[in-house]
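Okay, everyone, thanks for coming. Have a look at the picture on the screen, and I'll talk you through it.

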Amino acid sequence: TGAITLDPGYKNSGSCKSDITFLDGEQGILRYRGYAIEDLAEKANFLEVSYLVIFGELPTAAQLEKFENDIRKYTLVNEEMKNIIDGFPKTAHPMGVLSSLTSALTAFNPKVVNVENEEEMYTAVCKTMGKFLVLATWTFRKTSGFPLNYYDNTKGYVENFLRLMFELPTGPYTINPVIVDALDKLFILHADHEQNCSTSTVRMVGSSHAGLFASISAGVSALWGPLHGGANQAVLEMLEEIQKDGGDAEKYLAKAKDKNDPFRLMGFGHRVYKNFDPRAKIIKKAADEVLATLGVNDPILNIAKQLEESALQDEYFKSRNLYPNVDFYSGIIYRALGIPTDMFTVLFAIGRLPGWIAQWKEMRVNKEPIGRPRQVYTGYALRSFKPMNER
Ligand code: CMC
């Protein structure tokens with residue numbers, strides 16, 4: 001094993017070449033296909049950015065309209081899927097349900113399992129964008145006990161997310177453009193982040209030529225963990241705990257620094273960003289704006305700001321380059337929008353979907369080899385077998 005370089009957690013290993021996302025962790029730069037995240041969050045909508053991330057160029061008006069129409073065609077989900085949803089207890093975590101439902105899609109869409117040409121690739125992309133959104137919202141309808149909703153072809157993708165989530169049989173849901181804008185921005189900021197844990201998972205699973213739904217189902221599972229996308233739920237739960245405990249941010253900073261305490265400051269730190277996370281900057285500003293526009297006064301926002309301010313001045317956090325990441329303020333916006341805490345990571349998944357798709361597509365188009373890391377073996381040398389009565 002002399003030739004094998006050990007790199008646990010892949011801290012210093014590139015797994016592929018990619019044209020999709022540029023990330024400079026020292027300077028806090030993030031670009032999709034060469035476009036600054038700040039510009040995209042401000043000026044584009046989520047489907048436009050999805051198109052950019054997946055196909056490489058900003059769409060023309062006609063291309064975007066076609067993409068939106070093609071996605072719409074696939075927003076109907078096979079009726080049998082409902083039996084699967086019915087089988088889950090109401091207490092199930094939406095991420096577990098979403099991963100299972102995404103995997104279950106393979107049973108009803110064999111062509112997405114085996115993409116053989118460009119046309120099938122395009123169909124797989126649109127099917128995934130359409131069906132995943134509907135299923136993601138259905139995980140909430142299931143846990144909240146509301147009847148399942150269907151996509152409204154007269155409305156946009158993000159508007160449909162809101163309707164699918166919140167429209168009740170008693171009457172139409174009034175779509176607030178402030179909320180649509182905020183969600184567009186949040187989804188855009190989550191759309192891709194090069195070879196993070198869930199994306200690497202999607203590529204790894206896909207590298208065996210498993211299909212798009214199967215690979216994305218695995219990505220959802222990887223995203224769920226609290227060190228990754230699950231951090232947005234964990235941040236809000238942490239802030240609520242601090243609030244219940246009297247609002248003493250310093251006490252929790254001390255816990256986070258204590259090496260004998262497993263507690264970490266959730267929403268802080270990043271494998272690649274060692275200066276600041278550019279997404280967190282935009283989201284912090286958006287949180288202020290959204291709460292002001294909606295007239296929400298959430299004391300939890302103040303706790304978050306206090307925590308951030310103290311951490312940024314603290315030697316422990318400074319010396320380790322620990323800054324707020326994308327998950328630190330996003331939950332505060334989601335909460336102001338009326339999204340339940342256990343759905344936060346599902347929203348991350350909806351945002352990350354175009355990135356997963358783009359990376360899976362790039363891997364297949366580039367005909368990358370199967371992912372197969374090596375190891376440094378540290379176990380026993382050859383031992384002689386002991387019969388049962390001698391053990
Ligand atoms: N609170 C307290 N200490 C921390 C934290 C934190 N949030 N993050 C890192 N550290 C310490 C860590 O204990 C270590 O200290 P020492 O050098 O004394 O052993 C040092 O900083 C380096 O940390 P690491 O664990 O080696 O860094 P990593 O690159 O392996 O982990 C991370 C990155 C994001 C998993 C980690 O910072 C973390 O657990 N953060 C909290 C969870 C979180 O917010 N995750 C969201 C990440 S961003 C969006 C996403 O991916 O979904």
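So, helices here are DSSP runs of H or I with at least four residues, strands are runs of E with at least two, and both are numbered from the N terminus. Residues are numbered from 1 along each chain as its sequence is written. Keep in mind that this is a predicted model: local features need pLDDT of at least 70, side-chain atom pairs count only at pLDDT 80 or more, and totals for chains, interfaces and linings use all residues.

The protein chain has 18 helices and 3 strands.

Now, which residues does the UniProt annotation "active site" cover? In that unreviewed entry, they're His270 and Asp327; positions follow the numbering used here, feature names are shortened, and annotations may be inferred rather than shown by experiment. They span 58 residues in sequence, but no two of their C-alpha atoms are more than 10.6 Å apart, so they gather at one spot.

Take His270: you'll find it in the loop between α13 (249-257) and α14 (278-294). His270 is buried, with 22 other C-beta atoms within 10 Å. Leaving aside neighbours within four places in sequence, His270 is in contact (C-beta atoms, placed from the backbone, within 7 Å) with Asp277 and Asn325.

Asp327 sits in helix α17, residues 327-336. Asp327 is buried too, with 29 C-beta neighbours inside 10 Å.

Notes
A residue is buried if 20 or more other C-beta atoms lie within 10 Å of its own, exposed if 12 or fewer, and partly exposed in between; C-beta atoms are placed from the backbone. Two residues are in contact if their C-beta atoms, placed from the backbone, lie within 7 Å.
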